[in-house]
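This report describes a protein model, from its chain pairing to a single residue. Please consult the sequence and structure shown below.

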Protein chains: 2
Amino acid sequence: MPSPVNPPRGMRDFLPVEKRRRDRVLATIRDVYRSYGFDEIETPVVEDSARLHSGLGGDNEKQVFAVLRRGLDVDDLRKAGAPLDLADLGLRFDLTVPLARFYASHRAELPAVFRAVQVAPVWRAERPQKGRYRQFVQCDIDVLGEAGPLAEIELLTATTAALDALGLTGTHVRVNDRRVLLGLLASWGVAPDATDCALVVVDKLDKIGVDGVAAELVELGVPVDVSATALRQLADADWTLTDAPWLDRAAFAELEALRDAVPGVDLRFDPTLVRGMGYYTGTIFEVAHPDVPYSLGGGGRYDGMIGRFLGQDVPAAGFSLGFERLVDLVDLAAGDAADGLVLLHDRQVPPAALARLRTDALRRHGRVRLDRRAKNVGVQLAGLAALGYASFAFVRTGDETLDELEVKPVA
Amino acid sequence: MPSPVNPPRGMRDFLPVEKRRRDRVLATIRDVYRSYGFDEIETPVVEDSARLHSGLGGDNEKQVFAVLRRGLDVDDLRKAGAPLDLADLGLRFDLTVPLARFYASHRAELPAVFRAVQVAPVWRAERPQKGRYRQFVQCDIDVLGEAGPLAEIELLTATTAALDALGLTGTHVRVNDRRVLLGLLASWGVAPDATDCALVVVDKLDKIGVDGVAAELVELGVPVDVSATALRQLADADWTLTDAPWLDRAAFAELEALRDAVPGVDLRFDPTLVRGMGYYTGTIFEVAHPDVPYSLGGGGRYDGMIGRFLGQDVPAAGFSLGFERLVDLVDLAAGDAADGLVLLHDRQVPPAALARLRTDALRRHGRVRLDRRAKNVGVQLAGLAALGYASFAFVRTGDETLDELEVKPVA
């Protein structure tokens, strides 16, 4: 039954070298988050379909991989009003909706302020393209139950520490507050009921530029010159922007206090920063690295959402690192010292002798691999070097003890 | 929108203490497998639906969570001949079918003998019951491309070493060969085309006993007294069973050689051991621990299967640990020394001061958590002890340096 043997469209297999690299980057991130007092949790990869389609996911809700109910028959197909009627579960599209569900389920077992880490895959049925996958890993931290700025401080210090640990130093964080944005939009004459639409447009600034945004805002009643002039003036806005008449003073003062509380973080005020998700209610931030044009992650305060399934308000703030973008930037090779011994043998060497040799070698080398000697030993050794092996030895029939073998470095 | 907030039926959330325990058990298993030269790989959680229903999964194929095609409309529902016609993907029910697909896809990039580790969740829509979950973790190792006994030696030594590392010493491994079973069935007069059915029946020995098995075998033409007598005699069979006229001598000699090659493993010959899956072709084994009545895992040689998607024969043998059963047996507490400091603060302490204190404390304690002081500090400290924290200190407004704090042990 030869058949196409690739992974499903837009998804990836990870071979040993890449798998190891990914796991080491994830371990580094986990270790830092743990050192900042965050606790890792895990939820199932599927959630109830109704929950995934409850309006908290924005456009992501359209990209759910839906899971068919079990035990359906043809009659059920005939009676269904829409395909989704046949689904009771779906693969999660983010880690925030599951966190809200988790928190509602386990509130009584969690501390008053709960700092969660989630490092796990999510799924979106996007059109596959370079750097975009249908299964990808997110690294989220969230502080639930903390209404004050301590939540933002925790998120910013832990995230930048994680990036530092990965060797991604020199990052800066753009920060804004949804209230600052609302003041800006109001100063342009955007009607309150058009605010959400206007935010979606301003969020495209990186992609379509000032002229593109201004052109789209016209449809929301904002004259081209008003928004374009303002956006051009705000392109280099920084902490000195205290005199703008539309600036929400209270929100800005909170951002200044946040800046002063995290002296180790390069925090830059950007009044045009939007962040896509509709659920943000206060601070929003996005972390950038000088080497790449895209953000490495972002987050913000979303006080209205975690309580949705619980039926009561829960203050919350979170930060999500885009792992798939990170992992390609990181060079952790230096930290992964080679270790272990490879015993290269011919087919004729008795298996029992190999097993004995390995038992001896494990004591001395900690990690021992039995490999049949390949025709091209050079290629084989290069592969073993990539897997992090330090040394190798040829084993021939009759070799009985480790001392008979000549151990050489792999690379 | 208050609504039921439990995880989907038969699936589980993991809170911090349990998540940490599971991850430490998994890390121990991974480390041992790595020390034996196995390489971890990862595949997507979904595979093509047709592949999951290609006959390699036995009864598991009936328990697939099927994923709806995207972009379906009501017309598609009307035209579908069966629910599965609407699915293009499914959640994997084991790690062996994905491994076969992975191997077919990446054969050229892998060594001639490939030792794979997979530690990952699988999904089965089983009726939920105690100890059975619809999402659960499997830990598989497989040796692909090795036709000789070295594969079995690697699997047995690595698996028992992993169990030893978990503190589960005293395990033994029941071993058999499918060829031995076929000889036994032939001696009872089972027709060749009834062999698979007869194996399914004998496999129930643990559950329904000798009389139950003998009764079911009657329908396959085996007189009750023939099978019952034989099964009773074989209940205590061991390596001395060399004179049985039905015994496949070649297969038995190979098992003896395997036993002699792994002196550190307590390998016990059991001619009634079947293992459920139809794809086994040679050696089969199951690992048991004196403390529990169920097996901790098992595996065997399955030479016909890995090549199914590749279109050529690939010798293969694998061993799967049942992680969910293991994790409840393991007490790793001793290995997880408490570390870190918790700064318990009141709501009044300025966030910036807390952030500064933590920065100082991180240098000295490696891991620092900020927690608001709870009303019941005793309960709070017990929770922190469970999370592995070593010490704590109260922070009050005005505390500016770590030296002003009195650091006490958590437990």
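In which helix of chain B does H365(B) lie? H365(B) belongs to helix α12 of chain B, in what is a predicted model. With 21 other C-beta atoms within 10 Å, against a threshold of 20 or more, H365(B) is buried. Leaving aside residues up to four places away in sequence, H365(B) touches G340(B) and L341(B). G340(B) is 25 residues from H365(B) in sequence, while their C-alpha atoms are 5.3 Å apart in space.

Helix α12 of chain B, residues 351-365, also packs on helix α5 of chain A, residues 150-165. Their axes are 9 Å apart and meet at an angle of about 30°. Angles under 35 degrees count as roughly parallel, and α5(A) and α12(B) are therefore roughly parallel to each other. Their crossing is right-handed. The residues that make this contact are listed by helix.

| Helix | Residues in the contact |
|---|---|
| α5(A) | L150(A), I153(A), T157(A) |
| α12(B) | P351(B), L354(B), A355(B) |

By class, the residues of this contact comprise five nonpolar, one polar and no charged.

Between the chains as a whole, 82 residues of chain A are in contact with 82 residues of chain B. The side of chain A that touches chain B consists of 47 nonpolar, 14 polar and 21 charged residues.

Within chain A, the domain assignment gives domain 1 (1-141 + 305-323) and domain 2 (339-409). Taken over C-alpha atoms, the centres of domain 1 of chain A and domain 2 of chain A are separated by 42 Å.

Conventions:
Residues are numbered from 1 along each chain as its sequence is written. Chains are lettered from A and ligands numbered from 1 in the order in which they are written. This is a predicted model: local features need pLDDT of at least 70, side-chain atom pairs count only at pLDDT 80 or more; totals for chains, interfaces and linings use all residues. Two residues are in contact if their C-beta atoms, placed from the backbone, lie within 7 Å. Ala, Val, Leu, Ile, Met, Phe, Trp, Tyr, Cys and Pro count as nonpolar, Asp, Glu, Lys and Arg as charged, and the others, Gly among them, as polar. Domain bounds come from an automatic or database domain assignment. Axes are lines fitted to C-alpha atoms, for helices over the stretch in contact, and angles run from 0 to 180 degrees between N-to-C directions. Helices (H or I, at least four residues) and strands (E, at least two) are DSSP runs, numbered from the N terminus. Angles under 35 degrees count as roughly parallel, over 145 as roughly antiparallel, 65 to 115 as roughly perpendicular and the rest as oblique. A crossing is left-handed if the near helix is turned anticlockwise from the far one by less than a right angle, and right-handed if clockwise. A residue is buried if 20 or more other C-beta atoms lie within 10 Å of its own, exposed if 12 or fewer, and partly exposed in between; C-beta atoms are placed from the backbone.
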